[in-house]
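Visitor: I am new to this structure. Please walk me through how its features get their labels.

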Amino acid sequence: MSPILAYLQSRESHLIRKKGRELVVMAAAICVGIVAVSTVIMPGRFFHSSSCSGCPSGLFGKSLFKRVRNLSEFYSVNVTHNTSSAEDIVTNGLAQQRPGYHPVQNVRVFYNVYASAGKASVAEGIAKEQMAQLRPEHQVFVRSIGVRVNVQNSTLLAHDKTGGELGTLELLWQYCRNNTKDTVVYIHNKGSFHPSPDNTKMRRFLTRGALSRECANMPPYCNVCSSRMSPFPHPHTSGNMWAARCSYVAKLWKPMNFDTKMTGIWAGVGTIDSCVGWGRYAAEHWVHSHPSVRPCDLSIDDRYVWDYAFVPPADFEINLQPFPRYHPKKYVMKDHPCKREQNIHESLNIRVKEYQSLYGQTPAASWWGWKFYNDSERV
């Protein structure tokens, strides 16, 4: 598909959703009007409250409300109603709109929460912001570091005075080894150590993707899902928040040993830690480090590929696609110091060497890299 056609299709989808939101508001208004009028005129025929605790039913009420809720889900509009069957309504609507849709029942969210003595209120504010994006299927498990902060609707797994992300990833990895059929999410309160506009924007962009419905219900051709995945300078999601299938996570190196292993591979050959994913960047590289990874990402904004330049806003438009979303040259940042790792041929050699060193494996024919690097030969 040509870039122009892809743009037109994405633009058309955006306009359809915009128009759809207007239709949902109109439908909701009509629904409320019918409820008010028919309750006065013919309450016995039109509504039978005993059949649905807290919600209208009968000839018009329940059917019409279902249509409004289905429209609202399709056009990403929140229409609430005090009814015990609201989740069933949403599920049924999605099943009609997306054949083969089977919503997950529970998704464990492993939340790395850091707070320093002087910035506990900052950490608590970030936690409230991120927890507000939880979906009904999310169950949050916290590993806190530094000063304890209150994270509502969560379970505390561990508290450490010092530590980093790899310790929380270790808990996630241990869980996945015993629950290979599950899906998990990893997020952290980015910006609690260094509050800044850039960190705030990145955190909101990443959190929305990791906690999205699309990532929670990622299709079979994905096993890791995030707002944006990049192959350069090493396979990663800048900022490190994502959802993943436990069946894939269980194959990965033990997180607490991963940095040592990566350092042993690359530290002695003149590489920069941020360019290959060792040292403090090991946690960011870990989830994409296995040759069987099948990444998908969500953002359609082609200005943003990795790092902090052009990070999309928190309400970015979502369209899940398997990696690679773009031509290889789109991911290259010419002014970035990791030049060797962005060279197509060098990058391929690095990936193959690392897979063999870490896992003793050569990528299979289905590996994302074969298509990606082959596409680099095309203009």
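Predicted model: local features only at pLDDT ≥ 70, side-chain atom pairs only at ≥ 80, totals over all residues.

Visitor: Why does W368 count as buried?

Guide: Buried means under 20% relative accessible area. W368 has 5%, so W368 counts as buried. F372 has 0%, so F372 is buried too.

Visitor: What makes W368 and F372 an aromatic pair?

Guide: Ring centres must lie within 6.5 Å. Those of W368 and F372 are 5.9 Å apart, so the two rings pair.

Visitor: How are W368 and F372 placed along helix α14?

Guide: They are 4 residues apart in helix α14 (residues 368-375), so about one helical turn separates them. Both W368 and F372 also belong to one aromatic cluster, whose members include F232, Y331 and W370.

Visitor: How many aromatic pairs are found in the whole structure?

Guide: The search finds 18. One of them is Y186 with W242, their ring centres 5.7 Å apart.

Visitor: Why is the pair of Y186 and W242 called tilted?

Guide: Stacked needs planes under 30 degrees apart, and edge-to-face needs over 60. The planes of Y186 and W242 meet at 35 degrees, so the pair is tilted. Y186 lies in strand β4 and W242 in strand β6, so the pair ties together parts 56 residues apart in sequence.

Visitor: How do you know that C176 and C246 form a disulfide?

Guide: The cut-off is two cysteine sulfur atoms within 2.5 Å. Those of C176 and C246 are 2.2 Å apart, so they qualify. The S-S torsion is about -55 degrees, so this disulfide is left-handed.

Visitor: Which parts does the pair of C176 and C246 tie together?

Guide: C176 lies in helix α6 and C246 in helix α9, so the tied parts are 70 residues apart in sequence.

Visitor: What makes C222 and C296 a disulfide?

Guide: Their S to S distance is 1.9 Å, so C222 and C296 meet the 2.5 Å cut-off. C222 lies in the loop between α8 and β5, and C296 in strand β7, so the pair ties together parts 74 residues apart in sequence.

Visitor: How do you know that R208 lies over the face of F316?

Guide: The distance cut-off is 6 Å from the ring centre. R208 is at 5.0 Å from that of F316 and lies over the ring's face.

Terms used:
Residues numbered from 1 in each chain as written. Heavy atoms only, no water. Helix = DSSP H or I, 4+ residues; strand = E, 2+ residues; numbered from the N terminus. Phe/Tyr/Trp six-rings, centres within 6.5 Å; stacked < 30°, edge-to-face > 60°. Buried < 20%, exposed > 50% of the residue type's maximum accessible area, 1.4 Å probe, protein only. Lys NZ or Arg CZ within 6 Å of the ring centre and 35° of its normal.
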